[in-house]
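Please keep the structure at hand while reading.

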Amino acid sequence: MATTTMTMAKALNEGLRRAMEKNPKVLLMGEDIGRLGGVFRITDGLQKDFGEDRVVDTPLAESAIVGTAVGLAIRGYRAVCEIQFDGFVYPAFDQIVSQVAKLHKRSDGAYVMAMVIRIPFQGGIGAIEHHSESPEPYFAQTAGLRVVSPSTPNDAYWMIQQSIEHDDPIIFCEPKSRYWEKGEVDLETPPAGLFDALVRREGTDVTLVGYGASMKTALRAAETAAVEGMSIEVIDARSIAPLDIEVMAKSLEKTGRVVVVQESPHTASVGSEIISELTQRCFYSLKAPGLRVSGYHVPYPPTRIEEDYRPTVDRILDAVDRVMGFES
Amino acid sequence: MIDEELVQLLTPEGERVENSEYQSTLNGDEIFGFYRDMVIIRRLCNESTSLQRQGQLALWAPIQGQEAAQIGAGRALAPMDFTFPTYREHGIAWCRGVPPEDMLRLFRAVSNGGWDPQKYRHSVPTVVLGTQTLHAVGYAMGIQRDGAEEAAMAFFGDGASSQGDVLEAFVWAASFNAPVVFFCQNNQWGISTPSTVQSKIPLYHRAHGFGFPGVRVDGNDVLAVYEVSKRALDSARVGGGPTLIEAYTYRIGAHTTSDDPTRYRIDAEVEVWKHRDPVERVKALLVREYKVKNADFDDVAAEADAMALKLREDVLAMSRPDPITMFDHAYAAPHPLIEEGRREMIDLGISGGEL
């Protein structure tokens, strides 16, 4: 097995490089992604190697980045659009939900809207406003789109390639606070299908589901709980839309208790959907109501206090205690 | 004269006009062909309005008054060019070969599109204003990467000219020197909003600010629209970059069949524009210069009537789709929620379709 250690940022860079080598129709578009290599350096060196026609430094207009990717898709290209920060995706919202998501349908299948819209999301980097948001529920609700999020360098390397090869448009949410953390990357075999959830840690008392940056926090919470004698199974959803609900249901049938961790506010969130689906499927296995540990229902706070907004190990353990203490 | 910079080759009375920049290259047969196109598309439009009034269409967007703008541009296109319409480009669709009945599927509310956009190289209708201009620019960027001598043409109106997407499309087209022609039909009204509210300067002047040429053409003069469009497309195909064409015209009818223009504009204005009718001026030219006979015009009218009759039959034959077809093409690849929806519809007996 050829494995190597690299950061998530490097894994994404290598994944993009491999996709571009494989398919000459793949091109990258975004603000500052060429000479600069992107504000997070995800596309570092790619313009030098693939040229300005395939790594396109665009004017600063998000709707146009996505809208022109639509035209390129009609022409048979596969654009990977970089949205510089989560809070900047909204100018492209119409193009994403009314055009990208619907054109396959509106053309009765004649248009294949193969594209990837990369969004560095979630908080934890001490940024100023509009740089720490979790917009994934907006897109998860839209028919025609798929939404995924890697939490490890290995997933990042493979999921970006799988997304580019996929024929439906993919909203690719990158946990920016994990960009610089290293992990093992298997360069030969993907860990799973693009839309598969994975069990990251096995356990028997509580099922803890998360995605993106929340995964590291969830795993820490499981380690801490283990010291206290609780066995927590941790599942990485990986695909936010569609959800791999079977993997979660299988776990819940074993544990009877579920907690979902996410950074977005909990109303109409991915966690709401997970708990609703699981309740429907596993009602008679439930020992406690499912709980969500989320961001609060406020605009993302100034980042000096963001760690009191984002789910912490303590808040997750509090939810774990509540489901463990539930008397039926 | 509406504007001294307006390119016009034919007066409303059908007299030729000398223009230092543009000369008509069309022969009599070609002009007669354009006349035929305009008569047929007007007939199609009138039949569709009737169908809507009779409850057979959910909506219709008339083009009466704009036939020359659309036929002039549509006939200037080469087969390999690709067009990006709004919901009102019936004349462009006609020139691209889209069957009339397919143009009405959206308005019959049996489809979200209606035709195969790749087959006719004519994109699906766009209802959210201006979005298609960016698709055209992206497509044009693809043409550049393929090294093809083709062009994209984006259609929009004076109302959509205020949309951010249109202005972003101008920026991108200029920055990348994209082979795209922006064709704005200024029909003077965005539903009830006059074009003077959309822009304090002539719309075609905007192009200069973005760094590419803009031309205002008499949108009711099919000869002029053809020449202006052809030159812009020819230039785009060989690396000349984008052009904005403002086809100065008028929407004689309502915005759509849901609209009542008598609430916001005066009859006198409509009457002025009726005297600038795009079809009559070509007919006058054909009679005077090419000695076209009444019988030939009658043949065209009969052909248009036959088309309308067939269109009516085709529309009435478009029945309610099986509900399960709503799941078709929602995604390109298999999706669990699509399978779930299909299964539920079959289990509940809503559809007799197959999984």
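Which residue in strand 11 of chain A does Val209(A) stand opposite? In this predicted model, the residue opposite Val209(A) is Ile235(A).

Strand 10 (residues 206–210) of chain A is largely enclosed by the rest of the structure, because five of its five residues are buried. Val206(A), Leu208(A) and Gly210(A) point one way from the strand, whereas Thr207(A) and Val209(A) point the other way.

## The seven-stranded sheet

Chain A also contains an open sheet of seven strands, in the order 3-2-4-5-7-6-12, with mixed pairing. Strand 3 (55–57) and strand 12 (239–241) of chain A stand at the edges; each has a single partner strand, so one side of each is left without a neighbour in the sheet. From one strand to the next, the twist averages 20°.

Within this sheet, strand 2 (residues 26–30) and strand 4 (residues 78–82) of chain A pair in the parallel sense over five bridges, and Leu28(A) stands opposite Val80(A). Helix 3 (residues 62–74) of chain A packs on the sheet and touches strand 2, strand 4 and strand 5 (115–121) of chain A. The direction of helix 3 makes about 170° with that of strand 4 of chain A. Helix 7 (residues 153–165) of chain A packs on the sheet as well, touching strands 2, 4, 5, 6 and 7 of chain A; its direction makes about 165° with that of strand 7 of chain A.

## Domain organisation

Chain A is divided into domain 1 (3–186) and domain 2 (198–324), whose C-alpha centres lie 26 Å apart. Contact between them involves 25 residues of domain 1 of chain A and 22 residues of domain 2 of chain A.

On the side of domain 1 of chain A that touches domain 2 of chain A, the elements giving two or more residues are helix 6 (136–140), strand 6 (146–148) and strand 7 (170–175) of chain A. By class, this side of domain 1 has 10 nonpolar, nine polar and six charged residues.

Definitions and conventions: Residues are numbered from 1 along each chain as its sequence is written. Chains are lettered from A and ligands numbered from 1 in the order in which they are written. This is a predicted model: local features need pLDDT of at least 70, side-chain atom pairs count only at pLDDT 80 or more; totals for chains, interfaces and linings use all residues. A residue is buried if 20 or more other C-beta atoms lie within 10 Å of its own, exposed if 12 or fewer, and partly exposed in between; C-beta atoms are placed from the backbone. Helices (H or I, at least four residues) and strands (E, at least two) are DSSP runs, numbered from the N terminus. Two strands pair if DSSP finds at least two bridges between them. Domain bounds come from an automatic or database domain assignment. Two residues are in contact if their C-beta atoms, placed from the backbone, lie within 7 Å. Ala, Val, Leu, Ile, Met, Phe, Trp, Tyr, Cys and Pro count as nonpolar, Asp, Glu, Lys and Arg as charged, and the others, Gly among them, as polar. Axes are lines fitted to C-alpha atoms, for helices over the stretch in contact, and angles run from 0 to 180 degrees between N-to-C directions.
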